[in-house]
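Here is a short briefing for a reader new to this structure. Please look over the sequence and the model before the notes.

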Amino acid sequence: MTSLTDIYHRALDGTPLTFAEAMALWNDAPLAELMTAADAVRRRLHPEERVTWQIDRNVNITNVCVSGCKFCSFHCRLADRERAYVTSMEEYRRKIREMLALGGEQLLLQGGLHPRLDLAWYEKLFSALKSEFPNVKLHALGPPEIAHIARISGFGSDAEGYRAVLERLVTAGLDSLPGAGAEILDNEIRRRISPGKCSADTWLEVMRVAHRMGLCTSATMMYGHVERPEHRILHLLKIRDLQSLKPDSAPGFLSFIAWPYQGRGTALEAETGLSGGAETAEFLRMIAVSRLVLHNIPNIQASWLTTGLAAGQMALHGGANDMGSIMIEENVVSATGFEGRTTIDAERMQEAIRAAGFTPALRNQRYELL
């Protein structure tokens with residue numbers, strides 16, 4: 001049996017870990033030891049004493065969604081006329097101008113799987129935004145939305161259809177594709193928590209197509225609900241293995257972001273009694289194991305949104321090298337009644353990074369320093 005020390009050395013050398021080795025890290029490695037190993041890998045990949053961060057704005061295109069995710073209190077049905085909305089062009093203008101005034105240069109555009117917003121609608125939106133704000137980057141949609149748009153727009157549910165949709169969206173102004181909607185990449189888990197969302201196989205296929213097109217993407221995980229540790233490890237391995245298939249010239253997954261499920265007031269809490277939370281030790285273990293397993297993904301983000309800045313700062317000493325965005329706007333987590341801090345300003349972000357012992361470095365979505 002391989003010892004933990006041997007596994008640490010394999011990870012430090014950039015050797016892909018096996019499922020058994022990754023499970024041994026999760027189940028058996030003392031947290032302090034695990035974080036030390038992950039920090040060593042982080043410093044091999046990023047020897048400079050700096051931590052990157054970003055200014056962008058998360059705008060929800062719509063809250064109408066047919067996915068029926070049981071962990072989401074933000075979405076509503078089209079028939080719910082009191083709550084349902086689609087963000088107007090005037091609202092985009094206001095939000096973009098506010099973001100630009102704060103030094104931001106990117107919109108993270110996400111929304112629900114709206115039954116009536118097809119490819120032509122998104123092309124019109126992206127083109128309009130780029131026409132008025134040509135320098136603003138659009139980090140938009142995600143694999144579930146791409147699959148949904150392809151299906152309702154008559155492009156089918158295969159790689160050819162996904163590529164056709166992505167090509168037209170890129171022409172209209174799409175700059176990069178977020179890793180939204182990954183949750184846990186296991187079909188049984190997805191059927192339990194997000195019955196109307198695309199399968200794990202579809203999520204991976206959309207990303208495979210995006211990578212072959214040379215699109216910049218990210219990968220995510222929402223953990224801490226009905227999944228087990230082995231599901232988390234298999235999720236990491238699927239992301240790692242997909243990354244290994246990207247063309248050498250393509251960026252593929254530039255980052256990995258994991259966050260704990262927050263489910264107060266959700267259907268999933270009512271069904272299972274699971275309200276989620278932000279246990280710091282589990283979060284730090286997740287970050288460290290991710291850094292050791294994802295040898296071919298350069299950046300690990302310390303997602304502080306649902307864990308707090310203090311946990312994010314600790315994660316910087318356990319494998320993470322990025323603090324993500326200041327989150328000028330956040331609606332989905334807030335809809336659960338989460339009482340933690342969901343936005344900070346640029347000054348507070350830089351103070352937090354310096355307090356952790358690093359130099360803050362502002363970046364864009366491609367991790368180019370600004």
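Predicted model: local features only at pLDDT ≥ 70, side-chain atom pairs only at ≥ 80, totals over all residues.

Residues are numbered from 1 along each chain as its sequence is written, and side-chain values use heavy atoms, with hydrogens and water left out.

**Overall form**
- The chain has 14 helices and 10 strands. These are DSSP runs numbered from the N terminus (helices: H or I, at least four residues; strands: E, at least two).
- The C-alpha trace spans about 55 × 45 × 45 Å along its principal axes.
- Of contacts between residues at least 6 apart in sequence, 74% join residues at least 24 apart. Contact means heavy atoms within 4.5 Å.

**Burial and core**
- Buried residues make up 56% of the 370 residues. Buried means under 20% relative accessible area, exposed over 50%, and partly exposed in between (1.4 Å probe, protein chains only).
- In soluble globular proteins, nonpolar side chains tend to be buried together.
- The largest nonpolar core has 109 residues, and Leu109, Phe126 and Phe256 have the most contacts inside it. Helix H12 (residues 280-293) gives the most to this core, with 8 residues.
- Such a core is a set of buried Ala, Val, Leu, Ile, Met, Phe, Trp, Tyr and Cys residues joined through side-chain atoms within 4.5 Å.
- Leaving aside residues up to four places away in sequence, Phe126 touches Leu109, Leu138, Ala140, Leu141, Leu169, Ala172, Gly173 and Leu174.

**Helix H2 and its cover**
- Helix H2 covers residues 19-28, and its buried residues include Glu21, Met23 and Trp26.
- The cover over the buried residues of H2 includes helices H1 (4-12), H3 (31-45), H10 (229-243) and H12.

**Glu282**
- Glu282 lies in helix H12. Glu282 is partly exposed, with a relative accessible area of 26%.
- Glu282 touches Trp26, Tyr223 and Arg232, not counting residues up to four places away in sequence.
- The C-alpha atoms of Glu282 and Leu31 are separated by 9.1 Å, although the two residues are 251 residues apart along the chain.
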